[in-house]
Protein chains: 2
Amino acid sequence: MPAKLLLSDALARIAADVDSMFDAMLPVPDDARARLIEAMRYAAIGGGKRLRPLLLTATAELYGVDFSTALRAGVAIEAIHVYSLIHDDLPCMDDDDMRHGKPTVHRAFDEATAVLAGDALHAFAFEIIADPDLFPDPFTRAELVLALGRAAGMNGMAGGQMMDIVAEDESFDLRTVTRLQQLKTGALLGAAVEMGAILGRLPPEGRTLLRGYARDIGLAFQITDDLLDHEGDEAAAGKALRKDQAAGKQTFVSLFGPERARQQAQMLVDQAIAHLAQHGQEADLLRALARYVVERDH
Amino acid sequence: MPAKLLLSDALARIAADVDSMFDAMLPVPDDARARLIEAMRYAAIGGGKRLRPLLLTATAELYGVDFSTALRAGVAIEAIHVYSLIHDDLPCMDDDDMRHGKPTVHRAFDEATAVLAGDALHAFAFEIIADPDLFPDPFTRAELVLALGRAAGMNGMAGGQMMDIVAEDESFDLRTVTRLQQLKTGALLGAAVEMGAILGRLPPEGRTLLRGYARDIGLAFQITDDLLDHEGDEAAAGKALRKDQAAGKQTFVSLFGPERARQQAQMLVDQAIAHLAQHGQEADLLRALARYVVERDH
């Protein structure tokens, strides 16, 4: 199958699968918790590119992992991503009104519900991957939890978000912006690949090339985000743009200029694909994903 | 050792041990994440009764679990408790200025840092219990994660907090208030006992009596909280009191009246202790803890 078709099929399929799994796993209870679960569903279902679940399932596929098993782990990592967006959008954080073309959770519900819905999705992710009915092997469960916990915590996403707040007051150099983005978005993208490898029972010492792939597409993803933020269309993005610029934050675009930023992102994608050289066409989806990361328009 | 001395020794010891373990596990990094880790330390070190770690270690001790292993799991559950307090205190939630006799995290730092410090402590808890260097047995790690994730999530603490918000607008009956409290505080107290039993390799079918013990002291704890909120001293509590009353929320005291609430709490403590009848003096600390739950003055 041509690479573009392969990818668009895979994106459409993972979006539908993630939606139906969230739908099945988050039934609205007939009690006063209903509002919480409705807010979780509102944020989790029907939006987003589902890049992390796709990265996870595509990596797992390299090692012959059953798709439905990989999908469950993909839903767990997506739950972490969704929770981080809910909290990121709060008035005390980025104060965003729109996300994926609809009002943010604190706008559609209220701030307290948004805080709790984020917290509950955070715990939900760990409930999924620690469930022996979903992942029978205890060693796999424990490894998945560790990979996800580290990627989400102070040495991963939460640490990167703190640096991002500090970036409004301090002028970061390229090294610090790179570190910030490796934590803020790179850690969870890396965890997606790592979790795919864990499901594939690849030993840690065999994951070096895959980690390189994840690190490269993580940075390429962020540089492209900065470019889209700089030049993109708010309607296509479904959210407000050019807020970093207004806040005086250093980004890859402000540090490199748009032209060099674009070259840098393309170089990273080539490098990411080179990390997959030992694989045959079974890695074509991961290669197409790497290209998509810089070619997407939102 | 007389029960009171046993308990006061145990409370002092666990407080010191939990503090020093948080101190060791949360070093402040020399980068822009420093503010995040400082906020986590501010909330986690030097406050609170450490009831959950004590319940966990006292249960684990029944089955001869090494204290330092149990303590690590205790620090994980305390991290979840502390994160929930940080988020609970936020302006959009309970809007509290004081906690444990000092300004709340969003007061001492700012709201964004408080949201992130709570999120990072949440992930930190799972990083601890999924760490193979701390808990070598993968089955134990996976069981600990599942117990903690379920207790923290939408069917546990986060679900109870949502009900608590809804309680401001709806007049709950005794059955609903009981369910609310079983989720909001009972689930995590139950997880403390459950995690102690998991470390002790007690099979799930052997945990029924311990679960009864946890359920009873959980409710007794909450009834006593409501009594202290109704009659207590703000200085001793280190936080604002009588907010439920002002918000028109139903509590065990408003539903029972103070006299019957006190009797009910005492009855629950007797029942909790009866669940320990098969144990000898190795359960004296759990018995003393049950009594302390209703006798404490803050």
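Colleague: Which side chains do Arg150(B) and Asp131(A) use, so to speak: what kind of link do they meet in?

Modeller: In this predicted model, the side chains of Arg150(B) and Asp131(A) meet in a salt bridge, with 4.0 Å from N to O.

Colleague: And how many salt bridges are there between chain A and chain B?

Modeller: The count between the two chains is four, and across the interface of chain A and chain B there are also seven residue pairs in polar contact, with both residues at pLDDT 80 or more.

Colleague: Which elements of chain A give two or more residues to the side that touches chain B?

Modeller: They are the helices H2 (34–44), H4 (67–89), H6 (111–129), H7 (138–152), H8 (157–166) and H9 (174–199) of chain A. The largest share of that side comes from H6(A), which gives 12 residues.

Colleague: What about the classes of residue on that side of chain A?

Modeller: The side of chain A that touches chain B has 33 nonpolar residues, together with eight polar and 10 charged ones.

Colleague: OK, and how much area do chain A and chain B bury between them?

Modeller: They bury about 4300 Å² between them, and 73% of that is on carbon and sulfur atoms. Of the area that chain A buries against chain B, Arg33(A), Met154(A) and Met162(A) supply 17%, which is more than any other three residues. Counted by residues, the contact takes 51 from chain A and 51 from chain B.

Colleague: Are Phe126(A) and Phe126(B) buried or exposed?

Modeller: Both Phe126(A) and Phe126(B) are buried.

Colleague: Then why is the pair of Phe252(B) and Phe256(B) called stacked?

Modeller: The ring centres of Phe252(B) and Phe256(B) are 6.2 Å apart and the planes lie at 15 degrees, so this pair is stacked, since planes under 30 degrees apart count that way. Both residues lie in helix H13 (residues 252–256) of chain B, four residues apart, which is about one turn of the helix. Phe252(B) is buried at 2% relative accessibility, and Phe256(B) is buried with a relative accessible area of 13%.

Colleague: Changing topic, where is the place of Arg50(A)?

Modeller: Arg50(A) sits in the loop between H2 and helix H3 (51–62) of chain A. Its relative accessibility is 2%, so Arg50(A) counts as buried, the limit being under 20%.

Colleague: And what does the side chain of Arg50(A) have a polar contact with?

Modeller: A polar contact of 3.0 Å joins the side chain of Arg50(A) to that of Glu78(A). Leaving out residues up to four places away in sequence, Arg50(A) touches several others, among them Ile14(A), Val18(A), Phe22(A) and Val82(A).

Colleague: What about Arg50(B): buried or exposed?

Modeller: Arg50(B) is buried, with a relative accessible area of 2%, and lies in the loop between helix H2 (34–44) and helix H3 (51–62) of chain B. The side chains of Arg50(B) and Glu78(B) are joined by a polar contact of 3.0 Å, while the backbone oxygen of Gly47(B) is 3.4 Å from a polar atom of the Arg50(B) side chain.

Terms used: Residues numbered from 1 in each chain as written. Chains lettered and ligands numbered in written order. Predicted model: local features only at pLDDT ≥ 70, side-chain atom pairs only at ≥ 80, totals over all residues. Heavy atoms only, no water. Contact = heavy atoms within 4.5 Å. Buried area = accessible area lost by both parts, 1.4 Å probe. Polar contact = N/O pair within 3.5 Å; in protein donor to acceptor, adjacent residues only side chain to side chain. Nonpolar A, V, L, I, M, F, W, Y, C, P; charged D, E, K, R; others polar. Buried < 20%, exposed > 50% of the residue type's maximum accessible area, 1.4 Å probe, protein only. Phe/Tyr/Trp six-rings, centres within 6.5 Å; stacked < 30°, edge-to-face > 60°.
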